[in-house]
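Hi there,

Here is the structure I promised to pass on to you. Have a look at it first, and then read on for my notes.

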Amino acid sequence: MNNSCKRQVDILIEHGLIVPVTGPDQIMGDGAVAIDGGKIIAVGPQEELGERYSGRKTIDARHKAVLPGLINAHCHFLQNFLKGAKDDLPLIKWIEEVSFPRIRLAVQDYLAHRPELQYYATLHGCIEALKCGITTAVNMEWATPLETIDVYEHTGIRGVHTLTFTDNDQWTPPEAILSDGEIFGLADRLIERCARSKDRRVAFCYGIACPNSCSPALISKVREEADKNKVLVHLHLAETNFEFQNISKKYHKTPTGYLHQLGILGPDVFVAHGIWLTDEDIQILKETGTSVVHNPECNMKIASGVAPIAKMARAGINISLGTDSCAVNDNTDLFETMRTTVLLQRVHQLDSACLSSYQALEMATLGGARAIGLGDKLGSLEPGKLADLILVDLTSINMRPVNNVINNLVYCANTNNVDTVIVDGKVVVEKQLLLNLDEEKAVSQAEKFAQRRFEAAGLKLPAYFTP
Ligand SMILES: [Zn+2]
């Protein structure tokens, strides 16, 4: 067929090794993907799609794997500025010494109408995420000005912007707590701002800091507002034995049982961690349709425990993956997270078959999409879905030889192998370069601002923090 008879599409990806994440055996060599109007319109053999479509832009995917964009279902961009800053601390000390001083500063800046700190943190986070092959990031932040939403739009990433609620000054410094009126008012404004975000690429989500730091009344109010506004709820749950013991003592229920009693759990809720769970808790998560975000590297670094992911997967709970913050990881590499997810479960269960590489890949893509309520729109390469996908270079030495592309992606790949990133049918990273902004300039501006702001607030900086 000559070109004039072919249907013109925005992008035709040609000659790729297609990993659609529609099943462990669904791999296609010499395949093509046609993208038009922000959606995937066809996935199939090169021979067939090459006959039917011509791309206004063509991407040669020879020697590259083409797969759904990765979904980071739990991170905190403000803490991108703290990579490598602290070590050897358990969670409670880490929160007091590392996390809260910065959060307090961000909240105080918000109240003083100074949006720059959160703006630059989000910029830093979005740039790193895209370069790492992450097409959707769930960014859980504290008081964030509306300007933060601009950053998702400019950089081209898909975002789930999560505003964290807390009201218990026994666990949270009072200066980091906004009044109910202020925080729910800010949520309303962010909901309205996200609803008119470019191409509706940014969704709003209510965030509950954790069961310890929120009163039952606040948790119930979040549930009411989420129902009213039809938006998601995200929270840290069952992260530490400390939380498990404290909630059990106070309410005579496990943290999961306590939240279930308050009626907060449900199919519009995804919880980060889920480490300290009883069999009954796992049943509650399953029955309520609550999703779990597994953050193995954070859990390992601050010694919180091992989440029973294989068990939860067997119970039919939707599992997604997250990196958590760069202060407790200290990277944004979801390839590494996939690998760690499998290895940690196997050594913990002493069972080399308890979790497969395909399950980990599915968690990092389709599991994330389901967690944020977009399982029918994202997470796999299928006609009709939004065109969020990545091309991973298979020619680097760490990827060769490719004996099984799923195993190679999960066990061999790292973020340096990400070549091209497409979000909503638009190329945002090409040949490892960001197309929408000057990466070095933006990162340098962000780090310089953070350095000045932290110094002005008297926060001790790491010795090598020199942007
Ligand atoms: Zn977290």
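I began with V66, which touches I13, G16, L17, I18 and V19, along with V33, A61, L389 and L391, once residues up to four places away in sequence are left out. Please keep in mind as you read that this is a predicted model. V66 also belongs to the largest nonpolar core, which has 152 residues. Within that core, V66 is one of the four residues that touch the most other members, the others being V19, V33 and L130.

Next, the helix pairs. Two packed helices are described by the angle between their axes and the distance between the axes.

How do α3 and α4 pack? Helix α3 covers residues 116–131 and helix α4 residues 147–155, and their axes lie 9 Å apart at an angle of about 25°. At that angle, which is under 35 degrees, α3 counts as roughly parallel to α4. Their crossing is right-handed. On the α3 side, the residues that meet α4 are Q118, Y119, T122, L123, C126, I127 and L130. Their partners in α4 are E147, T148, V151, Y152 and T155. Sorted by class, this contact between α3 and α4 has 7 nonpolar, 4 polar and 1 charged residues.

Helix α13 spans residues 357–371 and helix α14 spans residues 405–412; their axes come within 9 Å and cross at roughly 70°. That angle falls between 65 and 115 degrees, so α13 is roughly perpendicular to α14. The crossing of α13 past α14 is left-handed. From α13, the residues involved are S357, Y358, A360 and L361, and they meet I406, N407, L409, V410 and Y411 of α14. By class, the α13 and α14 contact has 7 nonpolar and 2 polar residues, with no charged ones.

What else does α14 pack against? The buried residues of this helix are V405, I406, N408, L409 and V410. They pack against β1, β5 (64–68), α12 and β14, as well as α13.

- L232 sits in strand β10, which runs over residues 232–237. It counts as buried because 23 C-beta neighbours lie inside 10 Å, and the cut-off is 20 or more. Not counting residues up to four places away in sequence, L232 touches V160, C205, D268, I372 and G373. For a sense of distance, the C-alpha atoms of L232 and N414 are 30 Å apart in space, and these residues are 182 apart in sequence.
- L190 is in helix α5, residues 180–195. L190 also has 23 C-beta neighbours inside 10 Å and so counts as buried. Leaving aside neighbours within four places in sequence, L190 is in contact with L146, H161, L163 and F204. A112 is 78 residues from L190 along the chain, and 18 Å separates their C-alpha atoms.

Finally, some backbone details to check. Most residues other than glycine have a negative phi, and most peptide bonds are trans. Where does the model depart from that?

- The peptide bond from N329 to D330 is cis, with omega near 10°. D330 lies in the loop between β13 (319–321) and α12 (334–349).
- R400 and P401 are joined by a cis peptide bond too, with omega about -5°. P401 is in the loop between β14 (389–393) and α14.
- V21 has a positive phi, near 60°. V21 lies in the loop between β1 (7–18) and β2 (28–36), and it counts as buried because it has 21 C-beta neighbours inside 10 Å.
- K230 has a positive phi as well, near 55°. K230 is found in the loop between α6 (216–229) and β10. With 9 other C-beta atoms within 10 Å, K230 is exposed.

Best wishes

How values were computed. Residues numbered from 1 in each chain as written. Predicted model: local features only at pLDDT ≥ 70, side-chain atom pairs only at ≥ 80, totals over all residues. Core = buried A, V, L, I, M, F, W, Y, C linked by C-beta atoms within 7 Å. Buried ≥ 20, exposed ≤ 12 C-beta atoms within 10 Å, placed from the backbone. Contact = placed C-beta atoms within 7 Å. Axes fitted to C-alpha atoms, helices over the stretch in contact; angles between N-to-C directions. Helix = DSSP H or I, 4+ residues; strand = E, 2+ residues; numbered from the N terminus. Parallel < 35°, antiparallel > 145°, perpendicular 65-115°, else oblique. Left-handed = near helix turned anticlockwise from the far one by under 90°. Nonpolar A, V, L, I, M, F, W, Y, C, P; charged D, E, K, R; others polar.
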